Amino acid sequence: MIQYKKATLEETELLVKTRIEVLRAANRLDEKTDMSEVEKQSEDYYRKALAEGTHTAYLVFDEDKFIGAGGISYYRVMPTWHNISGEKGYIMNMYTKPEYRRRGIAFETLKRLVEDAEKHGINAVSLEATDMGRPLYEKFGFKPMHSEMELCMLQRNG
């Protein structure tokens, strides 16, 4: 039986482990790649954000077996005409173990995260989609953003 659990501080270790698994998969990193600093920073992030309520995460289990996760971070930018409060949500760390994919688990996780955003009064949610995840997000109603750009300082200075 598939169960969705809203994460608490007690699940920080599992959240960090999942974050590293997601980053390895999304960036095609092997087990030899040192992720110790990312692990440390992720643990710090989860402990602070979960305590402050600026992050919500869901863990998905099949009985006692961990099979998936997803999270949303909340932050504020300058208000705009379309987002008067400036409050935004950012979906991240969406993951389903390969043997559980194509069963609606990610869709249900996403649905719960968007519902959480609505409870927080958020009307603007964004995310970064992998090629594999794009069809899910489009099915849910996410649209590509055409005007947003990014400057990666590591690449610029490297």
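A pocket, on a 1 Å grid over the protein atoms alone, is an open set of points with protein on both sides within 12 Å along at least five of seven lines, and its lining residues have an atom within 4 Å of a point. Keep that in mind for the first two close-ups, and remember that this is a predicted model.

**View A. The second largest pocket holds about 330 Å³ of space.** Its lining is made of 14 residues, and those nearest the centre are Asn123, Ala124, Val125, Ser126 and Phe142. Helix α3 hands over the largest share of this lining, three residues. Both α3 and β5 supply at least two residues each. Sort the lining by class and you get eight nonpolar, three polar and three charged residues.

**View B. The largest pocket has a volume of about 1,900 Å³.** Here 46 residues do the lining, with Glu128, Ala129, Thr130, Gly133 and Tyr137 closest to the centre. Strand β4 gives the most, eight residues. At least two residues each come from α1 (12-26), β4, α3, β5 (125-127) and α4 (134-140). By class, the lining of the largest pocket counts 25 nonpolar, seven polar and 14 charged residues.

**View C. Glu43 and Arg47 pair up in a salt bridge.** Their closest N and O atoms sit 3.1 Å apart, inside the 4 Å cut-off for a salt bridge. Both belong to helix α2 (residues 36-52), and because they are four residues apart there, about one helical turn separates them. Glu43 is partly exposed, at 35% relative accessibility. Arg47 is partly exposed too, with 41%.

**View D. A salt bridge joins Glu99 to Lys65.** The closest N and O atoms of this pair are 3.3 Å apart. How accessible is Glu99? Its relative accessible area is 42%, so Glu99 counts as partly exposed. Lys65, at 39%, is partly exposed as well.

View E. Arg112 has a relative accessible area of 26%, which means it is partly exposed. Look around this pair and you'll find a network of salt bridges that links Glu108, Lys111, Arg112 and Glu115. The whole model has nine salt bridges.

Conventions
Residues are numbered from 1 along each chain as its sequence is written. This is a predicted model: local features need pLDDT of at least 70, side-chain atom pairs count only at pLDDT 80 or more; totals for chains, interfaces and linings use all residues. Side-chain values use heavy atoms; hydrogens and water are left out. A salt bridge is a side-chain nitrogen of Lys or Arg within 4 Å of a carboxyl oxygen of Asp or Glu. Buried means under 20% relative accessible area, exposed over 50%, partly exposed in between (1.4 Å probe, protein chains only). On a 1 Å grid over the protein atoms alone, a cavity is a set of points where a 1.4 Å probe fits but cannot get out, and a pocket is an open set with protein on both sides within 12 Å along at least five of seven lines; lining residues have an atom within 4 Å of a point. Grid points are joined across faces, edges and corners, and a volume is the space filled by probe spheres set on the points. Ala, Val, Leu, Ile, Met, Phe, Trp, Tyr, Cys and Pro count as nonpolar, Asp, Glu, Lys and Arg as charged, and the others, Gly among them, as polar.
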